[in-house]
Amino acid sequence: IGMPIYMIINAWATHIILREAKVIIMGQQLVAHLASRLPKEVATTAEEHDLLYDTLRLIAVSKRDFHHNHFVLAKTLIESYSMEVEGLEELPDDYADRLRAAPEGLRRLCGLCLILGFVLDGLVTWRERRRLNELRDKGILRVEVEEVSEWAEAFVSGRGVEGLLAAHLMGSPV
């Protein structure tokens, strides 16, 4: 009697494990692709490094769970821009104002990092949807929650997010 139940549990667990493995593998490839396209003229001063580092903090606070792809993204950005790793501090209250005042290239990069932070684990939860709406209302992002959800679905399905990278690295404003 219990055999069909165990079969269902095993099938579900296998599905979850394979999905997560696929997301991690694709995420590493996406971050490696992003690393080769990062603009070098962005984030050259200590203030710009602080803003980019605060963006990584915002991603961590928003996601609330460790995911290997977020680690790879943070490590790539820190190494690419030679940023110093700081201790655990709260996100500064003036983050939105500093981001709005930043040069356009840095704003684009921070916006791309925020969106990738929500996409790289393959899930956009209701809490993250609320955070995305808050970021849009504060003027930090100019994307809709549905767009981010579509990019997450495209990422997980293997269709890629080249449109996201192209738009935020050299296209329309974030």
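I started with glutamate 128, which is buried at a relative accessible area of 5% (buried is under 20%, exposed over 50%, partly exposed in between, with a 1.4 Å probe and protein chains only). The model is a predicted one, where local features need pLDDT of at least 70 and side-chain atom pairs 80 or more, while totals for chains, interfaces and linings use all residues. Numbering runs from 1 along each chain as its sequence is written, and side-chain values use heavy atoms, without hydrogens or water.

Next I looked up the partner of glutamate 128: a salt bridge joins its side chain to lysine 63, at 2.8 Å from N to O (the criterion is a side-chain nitrogen of Lys or Arg within 4 Å of a carboxyl oxygen of Asp or Glu). Lysine 63 lies in helix 2 and glutamate 128 in helix 6, 65 residues apart (helices are DSSP runs of H or I, at least four residues, numbered from the N terminus). Lysine 63 is buried too, at 5% relative accessibility.

Then I turned to arginine 37 and glutamate 162, whose closest N and O atoms are 2.5 Å apart in a salt bridge. This pair ties helix 1 to helix 8 across 125 residues. I noted arginine 37 as partly exposed at 23%, and glutamate 162 as partly exposed at 40%.

My search of the whole structure gave 11 salt bridges.

Conventions
Helix = DSSP H or I, 4+ residues; strand = E, 2+ residues; numbered from the N terminus.
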